[in-house]
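Please consult the sequence and the structure shown here alongside the text.

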Amino acid sequence: YDGQRWNASSPTALLKPQLPSSIIEVLEDHVVNKHLGLEELAVLAATVEDLVHNEAFDLLSMAYESHNLSIHEPLANESQEDLVIRTFMLFYTMPGKEKARHNSTALHGLLKNAHNNNPDWNNTMLWVEDL
């Protein structure tokens, strides 16, 4: 793969809102000059890993908050664990649904009907259960 189909700014354009401008400048310079070394890739990988971790933590925190559960306390039972995991997956796989986190009735309706909004919901949940 020679990368010719990519616009030179495409890889960094996706990350611009998330990355510090100094990292974007370095990456854009290296992309334009068509060379990314191990150091640059390591910085990019570490940054993306941090972004993914932060997003996952935020979504998981929202899932707890949605059900009035504290992230600082262990969940009481398997039912609460399942509810938080399903809520997290709803927020993760269907962006925009986290807006319902302050409306318990709406959230429970979204969870109940998730398979109608996302045809792969049941398969996704089977995969999560296998983890």
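The sections below go from the basis of the values to the overall fold and then to individual helices.

## Basis of the values

The model is predicted, with local features requiring pLDDT of at least 70 and side-chain atom pairs counted only at pLDDT 80 or more, while totals for chains, interfaces and linings use all residues. Residues are numbered from 1 along each chain as its sequence is written, and side-chain values use heavy atoms, with hydrogens and water left out.

## Overall architecture

The protein contains 7 helices and 0 strands, in the sequence order α-α-α-α-α-α-α. Helices (H or I, at least four residues) and strands (E, at least two) are DSSP runs numbered from the N terminus.

Of the 131 residues in the protein, 27% are buried; buried denotes under 20% relative accessible area, exposed over 50%, and partly exposed in between (1.4 Å probe, protein chains only). Among contacts (heavy atoms within 4.5 Å) between residues at least 6 apart in sequence, 48% join residues at least 24 apart.

## Packing of α4 and α5

Two packed helices are described by the angle between their axes and the distance between the axes. For helix α4 (residues 78–93) and helix α5 (residues 104–112), the axes come within 10 Å and cross at roughly 85 degrees. That angle makes α4 roughly perpendicular to α5, a class that spans 65 to 115 degrees, with angles under 35 roughly parallel, over 145 roughly antiparallel and the rest oblique. Axes are lines fitted to C-alpha atoms, for helices over the stretch in contact, and angles run from 0 to 180 degrees between N-to-C directions.

On the α4 side, L83, R86, T87, L90 and F91 make the contact, and on the α5 side L107, H108, L110 and L111.

F88 and Y92 form a stacked pair, at 6.0 Å centre to centre with 10 degrees between the planes. Both lie in helix α4, 4 residues apart, about one turn of the helix. F88 counts as buried at 17% relative accessibility.

In helix α7 (residues 121–130), the buried residues are W121, T124, M125 and V128. They lie on the same side of α7 because they cover an arc of only 95 degrees around the axis, the arc being that of the directions from the helix axis to the C-beta atoms. The cover over these buried residues includes α4 and α6 (114–117). The face turned away from the buried side of α7 carries the exposed residues N123, L126, W127 and D130.

Methods
Phe/Tyr/Trp six-rings, centres within 6.5 Å; stacked < 30°, edge-to-face > 60°.
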